[in-house]
Amino acid sequence: MGSLLGPFESRSTLFPQRDERQRLNDWLTREMLDVSERIAAGPVTPTLDLESLRTELSKFDFETPRPIDELLSWTIDKLERGIVHLTHPRYFGLFNPAPVFPAECADRIVNAVNPQLASSATSPAAVAIEAHVIRAVAQRAGLPKDASGHFTSGGSEANFTALLCALTHVEPDYAQRGSRAFTGSPVFYTSRDCHIAWLKIAHQAGIGRLALRLVATDGCGRMDTAELKSAIAADRAQGHVPIMIVSTAGTTGAGVVDPLPECAVIARDQGLWHHVDAAWGGAVIASDRLRGLLRGIEQADSITIDAHKWLATTMGCGMFMTRHPNLLSTVFQISAAFMPSNIAGLDPYVNTAQWSRRCLGLRLFLALGAVGWAGYAAHVERSVALMEGLKQQLIALGWTAANDPVLAVLCVEPPPGGAPARKIVERVVASGRAWIAPSRFEGRDVVRICATHGESTVEDIAQLVATMESARCL
Ligand SMILES: Cc1ncc(COP(=O)(O)O)c(C=O)c1O
């Protein structure tokens with residue numbers, strides 16, 4: 001027994017002393033700065049041979065320990081050459097940002113003190129900071145002062161929370177009896193251009209994927225409200241139970257905003273929950289100039305905004321907010337003798353889908369604290385200006401803009417005669433000079449480009465245009 005309590009061989013590696021920690025931390029800090037510079041100067045796409053990675057991985061049998069220095073260098077090298085670089089200024093991708101520095105600082109702090117955010121008794125300061133940030137964002141979006149919410153792992157968890165809230169709000173017995181509590185099958189509505197994770201969410205909530213009604217768009221990518229009304233009426237006629245309308249404020253494919261005020265009115269008239277999925281587009285609430293694009297968001301029953309998208313925190317940082325402050329503790333109520341507190345409206349484990357929780361909100365707290373809403377306004381306005389400039393350049397070269405990049409997402413069609421959109425995207429990505437995506441807009445293939453990096457420059461845009469042009473003419 002005595003020897004079990006003495007120093008063990010791996011202790012100095014698992015729990016190094018201060019000098020060793022400092023040595024490795026300093027080395028990592030310097031090394032990661034070098035890596036960032038190399039990434040920005042190199043290809044956006046992976047160059048690593050996956051076969052040789054698998055061979056190397058097969059040698060990690062986890063029987064023979066290896067020196068930590070060697071492991072760190074090995075891992076950094078693999079990630080440097082083995083991923084699409086979201087931190088590259090010519091990654092014009094799927095809403096995944098290059099993280100802002102204050103968010104990285106937050107992660108360092110959180111990594112070191114590792115707060116457990118399940119209960120306010122364990123981490124009172126961290127819970128209070130997160131709650132403060134959520135209130136500030138909810139109020140900036142126009143929700144009432146007593147609106148509540150929390151940080152989530154991302155937009156999908158936030159949207160899942162919205163569906164659970166809607167189901168419980170419309171039928172409180174759903175909490176106990178699930179779908180069986182309803183007199184017919186519960187159904188909900190969103191546009192066919194929504195983020196399609198709603199299918200998985202319907203599955204998780206136990207109402208089944210068939211519960212999702214994908215409403216047609218109006219030719220400009222917005223949910224067609226006449227179609228929405230007819231779909232609700234048809235469902236009622238068949239004995240189904242409409243629950244919720246989800247408007248997307250910034251579609252994933254094209255950054256289009258559904259008609260929020262009209263959807264709010266339909267939801268109110270029909271007694272339905274109105275959720276606004278502003279996972280990406282919600283960031284424009286920071287800008288006095290652009291926030292009008294989301295007019296009507298303030299009437300929502302609930303809102304999703306991802307901090308890890310346009311607000312550019314590190315990954316795994318969504319937000320859910322609702323104007324019904326007590327509902328979350330009805331949906332997620334639970335008690336366990338071992339938990340040190342159980343406070344409705346405060347303790348995250350009784351108000352959110354998660355139990356053990358990482359402190360996420362510090363990322364946005366530090367970023368907002370350091371630059372304020374005005375700082376973020378400049379960030380989002382710059383992205384929109386970059387995409388508007390890109391649109392003008394491509395139009396001058398004969399391309400057609402399928403949408404207006406009001407939320408920094410541009411969808412374009414190439415001029416006739418050259419390669420089609422999908423081929424162009426394939427070639428651009430294969431070149432490693434930029435990363436863009438194929439998409440569909442109103443039934444047409446388009447090239448989708450989004451300003452996700454706060455430091456992309458007009459030179460980066462010029463390089464993108466040149467790469468797209470040569471991919472088109474190859
Ligand atoms: C509009 C919208 N909603 C939800 C999501 C899902 O968010 P997450 O990937 O953070 O789960 C996305 C992701 O791009 C999105 O664009």
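Q: What share of the 474 residues is buried?
A: Buried residues make up 49% of them. Buried means under 20% relative accessible area, with a 1.4 Å probe and protein chains only. This is a predicted model: local features need pLDDT of at least 70, side-chain atom pairs count only at pLDDT 80 or more, and totals for chains, interfaces and linings use all residues. Residues are numbered from 1 along each chain as its sequence is written, and side-chain values use heavy atoms, without hydrogens and water.

Q: Which residues touch the most other members in the largest nonpolar core?
A: Met319, Leu364, Met387, Ile449 and Met468, in a core of 65 residues. A nonpolar core is a set of buried Ala, Val, Leu, Ile, Met, Phe, Trp, Tyr and Cys residues joined through side-chain atoms within 4.5 Å.

Q: Which helix gives the most to this core?
A: Helix 14, with 10 residues. Helices here are DSSP runs of H or I, at least four residues long.

Q: And what is methionine 387 in contact with?
A: Leaving aside neighbours within four places in sequence, its contacts include Phe92, Pro405, Ile449 and Ile461. Contact means heavy atoms within 4.5 Å.

Q: Where else is there a core?
A: Another core, of 29 residues, lies apart from the largest one, with Leu167 and Val331 among its residues.

Q: New topic. How big a box do the C-alpha atoms fill?
A: Roughly 70 × 70 × 45 Å, along the principal axes.

Definitions and conventions. Buried means under 20% relative accessible area, exposed over 50%, partly exposed in between (1.4 Å probe, protein chains only). Helices (H or I, at least four residues) and strands (E, at least two) are DSSP runs, numbered from the N terminus.
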